[in-house]
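Welcome! Here is a short tour for anyone meeting this structure for the very first time.

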Amino acid sequence: MTSPYLLLRTSSPIGRIELQADDDALTSLTIERDGALPHDDVPERPSPLLESARDQLAEYFDGRRTGFDLPVRLDGTPFQRAVWAELRRLGWGEATSYGALAAAVGKPGSARAIGGAVGANPMPIIVGCHRVLASDGRITGYSGGEGIPTKLWLLGHEQIGFAA
């Protein structure tokens with residue numbers, strides 16, 4: 001694993017968060033899992049962009065922010081980028097399903113592939129992959145932080161209902 005160019009860590013109600021960026025955009029947000037972040041052994045290299053991201057995340061967790069105004073670079077396949085673009089259209093408190101995402105990107109019936117793209121999202125929270133539920137409203141998984149408990153916290157924070 002290569003060291004990130006710019007790096008900043010911050011605390012949150014769902015665990016520590018590691019933010020990475022280049023000179024122009026955020027490139028990654030990772031939520032702590034089992035007490036660890038991918039670059040815990042690397043010194044921080046903050047930047048004004050990373051500090052703005054940290055501040056906006058703090059406002060989000062405090063309930064004072066419902067959207068993010070940050071440049072992001074989402075590197076992935078064309079299919080992944082299309083899915084992430086649809087996720088970016090969702091606002092605070094809005095949810096969608098894997099099937100609805102599949103239809104929105106012109107790939108009806110590809111809910112499993114959609115799940116893979118959602119799980120590969122490099123910018124959770126800022127690109128709200130926690131807002132995706134099964135077609136019947138159930139929670140089927142979450143790749144960020146501690147998994148489903150992290151997703152439950154985020155859904156509750158945004159007051160998004162789900163089926164038990």
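## A residue in helix α2

R81 is partly exposed, with a relative accessible area of 39% (buried means under 20% relative accessible area, exposed over 50%, partly exposed in between, with a 1.4 Å probe and protein chains only). R81 sits in helix α2, residues 78-89 (helices, H or I with at least four residues, and strands, E with at least two, are DSSP runs numbered from the N terminus). Leaving out residues up to four places away in sequence, R81 touches L74 and G76, where contact means heavy atoms within 4.5 Å.

## About the model

This is a predicted model, in which local features need pLDDT of at least 70 and side-chain atom pairs count only at pLDDT 80 or more, while totals for chains, interfaces and linings use all residues. Residues are numbered from 1 along each chain as its sequence is written, and side-chain values use heavy atoms, with hydrogens and water left out.

## Two domains

The protein chain is divided into domain 1 (6-62) and domain 2 (78-158), with bounds that come from an automatic or database domain assignment. Taken over C-alpha atoms, the domain centres are 21 Å apart. The contact takes 15 residues from domain 1 and 18 residues from domain 2.

## The largest pocket

The largest pocket holds about 170 Å³ of space. On a 1 Å grid over the protein atoms alone, a pocket is an open set of points where a 1.4 Å probe fits, with protein on both sides within 12 Å along at least five of seven lines; lining residues have an atom within 4 Å of a point. Grid points are joined across faces, edges and corners, and the volume is the space filled by probe spheres set on the points.

Of the 15 lining residues, L29, T30, P124, S143 and G144 are the closest to the centre of the largest pocket. The elements giving two or more residues to this lining are β3 (26-31) and α4 (111-119), and β3 supplies the largest share, 4 residues. Domain 1 and domain 2 both contribute to the lining, so the largest pocket lies between them.

## The listed active site

Which residue does UniProt list for "active site"? The unreviewed entry gives C129, though such annotations may be inferred rather than shown by experiment. C129 is found in the loop between α4 and β5 (132-133), and is buried, with a relative accessible area of 4%. Beyond residues up to four places away in sequence, C129 touches L87, V118, N121, P124, Y142 and K151.
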